[in-house]
Amino acid sequence: MNVNNDVEKLLNGEGLEVNDEFDSAPAEVQAVALRKTITYIVSAVIFNEKNEVLMVQEAKENCYKQWYLPAGRMEEGESIVEAMRREVKEEAGFDCKPITLVLVQEQGPQWIRFVFLAEITGGSLKTMAEADAESLQAQWWDQDSPLTLRGRDILRLIDTALKYRKKPWHPVAHPIDMCCHVVVQRLLLTFSSSDGVLWLLLGNIKDLHLPVAVSVKTHTVTWAANTLVQEAMPSSYYDLNVNTRGILGLQHNGRVPGKTDGLCFNTVVSLEHTGEGPHTSQPPLIESPRFQWYKVENPQLRDKIQQRITTGSFLPVHSLY
């Protein structure tokens, strides 16, 4: 493995293959199956030239006539983008294309929502005359006029997409078409010493690589790094701050139901000592033979990583717990 090349790929929004060797995982790892063991939700935030947002009126009995963003569950065999485009077409009448992912929300390993900023490419606004089981109609909302919402959770999604539209803070992010059979996190886990040296934590099973973790806790993205750090550095774990900064990219295929329904989140995590002392200028001691520190010697790569961390230039992830 060329560590620098792999890191560059992730920083550029590309993906890396996921094999069956995990650096942190429960004793038994089983493939996830969409709509059986895992649920993926897609949602689209679409604005017109007046910054009004596209809304749909629900036809479901439990939220009848209430309003929500075009959204729904992914179906077997779909890509994430295909699911988003289908939901917008079915519920709002428009054809669309993604501009970028703007937010990922998770409620444990079994429920994940992908929020897109998207734009219209064709079609027409769905009217009451076209009402069906998917929705009653669609309309543009100025966000000030009274509207009975199905849930106020979408206000965060709208606000995030509007802020990105006005001033993007991370590169355009699209799902990467690469297979994975479980939900995992690939970690670009960094430690910056006081003398300006940047270190990366690597796994060394078979060869050197950026570690991949399967979360066994409730927080898919925000907890996997904690579990891995605790395994690698048990004695110092409680004196460390493990900060999941955000997502560089996510990998999904989904073409073979039950076999490629998994996800790989490529995330940046920074590790810091919580206390002070001479030892805090050095990376924490690794106690597991499965891991080692890697010193980033390339100044351009080091600066690129540190700049992303300093500016917070990542796709955000939000836990609903």
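The backbone nitrogen of Val-256 is placed 3.0 Å from a polar atom belonging to the side chain of Thr-260. This distance, like the other values reported here, comes from a predicted model. Thr-260 is located in the loop that runs between strand 12 and strand 13. With a relative accessibility of 9%, Thr-260 counts as buried, because the limit for that class is under 20%. A further polar contact joins the side chain of Thr-260 to the side chain of Asn-253, at 3.4 Å. When residues up to four places away in sequence are not counted, Thr-260 touches Cys-179, Cys-180, His-252, Asn-253, Gly-254 and Arg-255.

The arrangement of the chain as a whole was examined next. The protein chain is divided into two parts, domain 1 (9–33 + 173–316) and domain 2 (39–166). A distance of 31 Å separates the C-alpha centres of domain 1 and domain 2. To the contact, domain 1 contributes 24 residues and domain 2 contributes 23 residues.

The size of an interface is often given as the accessible area lost when the parts come together. For domain 1 and domain 2, the area buried between them is about 1700 Å², and 61% of it is on carbon and sulfur atoms. Polar links are also present: eight residue pairs are in polar contact between domain 1 and domain 2. The rule finds one salt bridge across the interface of the two domains. On the side of domain 1 that touches domain 2, the elements that give two or more residues are helix 4 (220–232), strand 12 and strand 13.

The interior was then considered. In soluble globular proteins, nonpolar side chains tend to be buried together. The largest nonpolar core in this model holds 34 residues, and the members that touch the most others are Tyr-40, Val-104, Phe-114, Leu-263 and Phe-265. Two or more residues of this core are supplied by each of strand 1 (39–46), strand 2 (53–57), helix 2 (80–92), strand 5 (94–106), strand 6 (111–123), strand 12 (240–252) and strand 13 (263–273). Helix 2 provides the largest share, six residues. Because domain 1 and domain 2 both give residues to this core, it lies between them.

Apart from neighbours within four places in sequence, Leu-263 is in contact with Tyr-40, Ile-80, Ile-112, Phe-114, Cys-180, Val-182, Val-183, Val-184, Leu-250, Gln-251 and His-252. Tyr-40 and Phe-114, both in this list of contacts, are also among the core members that touch the most others.

Backbone angles were considered last. Most residues other than glycine have a negative phi. Asn-51 has a positive phi, near 65°. Asn-51 is found in the loop between strand 1 and strand 2, and its relative accessibility of 29% makes it partly exposed. Lys-206 also has a positive phi, near 70°. The position of Lys-206 is in the loop between strand 10 (198–203) and strand 11 (212–213). Lys-206 is exposed, with a relative accessible area of 75%.

Methods:
Residues are numbered from 1 along each chain as its sequence is written. This is a predicted model: local features need pLDDT of at least 70, side-chain atom pairs count only at pLDDT 80 or more; totals for chains, interfaces and linings use all residues. Side-chain values use heavy atoms; hydrogens and water are left out. A nonpolar core is a set of buried Ala, Val, Leu, Ile, Met, Phe, Trp, Tyr and Cys residues joined through side-chain atoms within 4.5 Å. Buried means under 20% relative accessible area, exposed over 50%, partly exposed in between (1.4 Å probe, protein chains only). Helices (H or I, at least four residues) and strands (E, at least two) are DSSP runs, numbered from the N terminus. Domain bounds come from an automatic or database domain assignment. Contact means heavy atoms within 4.5 Å. Buried area is the accessible area (1.4 Å probe) that two parts lose on being put together, summed over both. A salt bridge is a side-chain nitrogen of Lys or Arg within 4 Å of a carboxyl oxygen of Asp or Glu. A polar contact is a pair of N or O atoms within 3.5 Å; within protein, one must be able to donate a hydrogen and the other to accept it, and residues adjacent in sequence count only if both atoms are side-chain atoms.
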